[in-house]
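Visitor: I'd like a close look at the sheet in this one, please. Could you walk me through how it is put together and what surrounds it?

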Amino acid sequence: MALSTGMLAKVIDKVSQALQPIYQPLVEALPQQKQLNIDETSHKDQGNLLWTWIFSAPVFTVFHIAASRS
């Protein structure tokens, strides 16, 4: 089954909205973790430099894409 770029964008947006109520509590729980591994990597999206941050706690992992490294 072929999937157009527009349809893929719609699906990603819909899933992102559905996960927001789960995502935010995990972000808020990060500072309380006894163990936390953090890494980031840069990548370009349509010529714009972005950073993907990975926060890995013992029982969950959070991914965050940001326009800066700070």
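Guide: Helices (H or I, at least four residues) and strands (E, at least two) are DSSP runs here, numbered from the N terminus. With that in hand, the protein chain reads α-β-β-β along its sequence, which comes to one helix and three strands. The radius of gyration, taken over C-alpha atoms, is 15 Å, well over the 11 Å that the globule rule (2.2 Å times the number of residues to the power 0.38) gives for 70 residues, so the chain is more spread out than a compact globule.

Before zooming in, some housekeeping. This is a predicted model, where local features need pLDDT of at least 70 and side-chain atom pairs count only at pLDDT 80 or more, while totals for chains, interfaces and linings use all residues. Residues are numbered from 1 along each chain as its sequence is written, and side-chain values use heavy atoms, with hydrogens and water left out.

Now the sheet. Its three strands form an open sheet in the order E1-E2-E3, with antiparallel pairing; two strands pair if DSSP finds at least two bridges between them. Strand E1 (37–45) and strand E3 (61–66) are the edges, each pairing on one side only. Neighbouring strands are turned by 20° against each other on average, direction ignored (axes are lines fitted to C-alpha atoms, and angles run from 0 to 180 degrees between N-to-C directions).

Take the E1 side to begin with. E1 and E2 pair over nine bridges, and they form a hairpin with two residues between them. In that turn, Gln46 has a positive phi of about 55°.

A pocket is an open set of points on a 1 Å grid over the protein atoms alone, where a 1.4 Å probe fits, with protein on both sides within 12 Å along at least five of seven lines; lining residues have an atom within 4 Å of a point. H1 gives the most, with eight residues. Thr61, Val62 and Phe63 are among the lining residues, as are Ile12 and Tyr23.
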